[in-house]
Amino acid sequence: MVTNLPLAGGAKGLSLPLPAGTPATIATFFYEVFLLVLVVALAAAVWVDRGRLGYACRALRAGDDVAQSLGVDTLRTKVALWAMSAALTGLIGAVYAYSVNYIEPPDVFSLGLSVKAFVIMLLGGTASLLGPLVAAFFVEGAVTLTQHYFLNYDVGVLGLIVIAAVVFFPRGASAFVRDRFFARRSGAAR
Amino acid sequence: MSALLEATALRAGYGELEIVHGVDLRVEAGEWVALVGVAGAGKSTLMNAIAGTVPLRGGTLRFAATELAGRAVHERVRLGIALVPQGRRLFAGMSVEENLVAGGHVRSSRGAVADAAERAYALFPRLRERRRQIVGTLSGGEQQMCAIARALMAGPRLLLIDELSLGLAPIVVDDLLEALERIRRDGTALLVVEQDVDAALRYATRAYVMQLGTIVLSGASTDVRADPGFGASYMGIAG
């Protein structure tokens with residue numbers, strides 16, 4: 001559907017200007033910008049997690065009615081979350097588009113990217129900052145290596161990761177690590 | 001002076017089903033009012049209608065002279081109505097302290113949240129001892145304390161408690177009742193649903209008896225208890 005929108009060149013795609021410099025300096029430049037975006041995203045996540053919005057989100061997870069009965073405006077909270085999530089996605093999207101300097105709809109609207117994002121979430125687990133981060137490095141690394149050595153079997157590798165994650169870490173790898181090695185909180189102060 | 005909470009010919013229910021058929025109920029500021037009746041009488045529906053989780057179908061409902069019809073649950077919390085729901089609905093995976101902080105959502109600053117938590121801990125010293133403990137590992141009585149403390153975090157003028165003693169040992173219920181009496185003395189009005197009549201009427205100044213969605217008996221707690229029809233017809237107790 002997006003392919004047929006006249007926006008950004010439609011199915012033809014859109015070329016974007018390259019910044020000046022040698023390929024090496026350009027790569028370094030984008031590396032630094034991506035790193036900055038990562039830091040901004042993590043900082044935003046930590047800020048939300050520690051603050052009022054974070055508690056409102058935890059209340060929402062337990063149920064809309066419970067959250068409301070604590071005075072949480074559930075609609076406003078959900079809209080705020082969507083907006084923040086969209087803002088971060090937009091931020092990285094803008095940098096990404098310039099870094100590849102040519103965009104076409106399949107870049108981000110293909111099934112592969114959506115699947116990849118879900119695999120990262122599945123593997124990383126919920127209610128964790130580090131989990132999805134580590135999972136993103138792992139999944140991205142695995143896909144790149146597969147493409148390098150075995151060409152187009154990367155989607156198959158994603159499938160294998162999904163199966164392994166569901167079998168071994170049904171609540172995400174971060175929850176697995178937490179339960180295994182940091183089972184400190186429950187039962188403490190007994 | 002008008003009442004803190006005043007329901008007139010209040011009707012409420014779920015979807016097509018009307019459960020509360022025209023209830024008149026009043027709670028004065030700083031008063032403890034008991035709401036009793038057999039299971040299925042409509043007590044919870046009435047409580048939820050006051051809190052706003054069940055829609056009104058008719059009648060009027062005023063809180064501190066503000067009409068509540070059409071006001072969302074979170075707005076009513078800001079006006080000063082807090083509900084301790086049936087089954088407590090705590091965040092079982094979070095610590096006592098985190099539950100309280102979540103309850104302080106409507107507070108304007110971290111300092112205000114901390115002050116409110118300090119007052120809650122003063123009321124329930126057990127919770128202070130167990131502030132870092134995960135709520136799911138607390139005893140039933142401690143969980144009920146935590147649910148009450150979480151509701152108090154919003155600084156309500158009216159605290160609604162649906163099923164105070166369900167599944168709790170009598171000695172624990174005594175502690176809870178004493179804590180509630182301290183809360184009332186600090187100026188918070190209470191509307192408490194309770195199955196155990198003795199516990200329900202011990203501190204309450206007035207009581208309402210509900211049956212099949214209507215109030216069938218009301219008045220001072222002692223008068224309600226002394227009413228010849230109270231035990232047999234309304235509470236389903238023989239003799």
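**Ground rules.** I am reading a predicted model, in which local features need pLDDT of at least 70, side-chain atom pairs count only at pLDDT 80 or more, and totals for chains, interfaces and linings use all residues. Residues are numbered from 1 along each chain as its sequence is written, while chains are lettered from A and ligands numbered from 1 in the order in which they are written.

**Confidence.** I checked the scores next: ipTM is 0.82 and pTM is 0.81. For pLDDT (the predictor's confidence in each residue, from 0 to 100), chain B averages 91, with 96% of the residues scoring at least 70. Chain A has a mean of 79, and 84% of its residues reach 70 or more. Residues 184-190 of chain A fall below 50, and beyond near neighbours in sequence this stretch has 9 contacts in the model. A contact here means two residues whose C-beta atoms, placed from the backbone, lie within 7 Å. Where pLDDT is low, the predicted coordinates should not be read in detail.

**Chain B, overall.** I count 10 helices and 10 strands; these are DSSP runs numbered from the N terminus, helices being H or I with at least four residues and strands E with at least two. Buried residues make up 47% of the 239 in chain B. Buried means 20 or more other C-beta atoms within 10 Å of the residue's own, exposed means 12 or fewer, and partly exposed is in between, with C-beta atoms placed from the backbone. Among the contacts of chain B with a separation of 6 or more, 67% join residues 24 or more positions apart.

How many residues of helix α1 (43-51) of chain B are buried? I find 9 of 9, among them Lys43(B), Leu46(B) and Ile50(B). Gly52(B) follows α1(B) and has a positive phi, near 110 degrees.

I then traced the strands, which pair if DSSP finds at least two bridges between them. β1 (5-14) and β4 (56-63) of chain B pair in the antiparallel sense over 6 bridges, and Thr8(B) stands opposite Thr60(B) in β4(B). β4(B) also pairs with β5 (66-67) of chain B, again antiparallel, over 2 bridges. There Arg62(B) stands opposite Glu67(B) in β5(B). The hairpin of β4(B) and β5(B) has 2 residues between the strands, and Ala64(B) takes a positive phi near 50 degrees.

**Chain A.** I see 9 helices and 2 strands, running β-α-α-α-α-β-α-α-α-α-α from the N terminus. Buried residues make up 17% of the 190 in chain A.

**Interface.** Chain A gives 19 residues to the contact and chain B gives 22. Which element supplies the largest share of the side of chain A that touches chain B? I find α2(A), with 6 residues. The elements giving two or more residues on that side are α2 (52-62) and α3 (64-69) of chain A.
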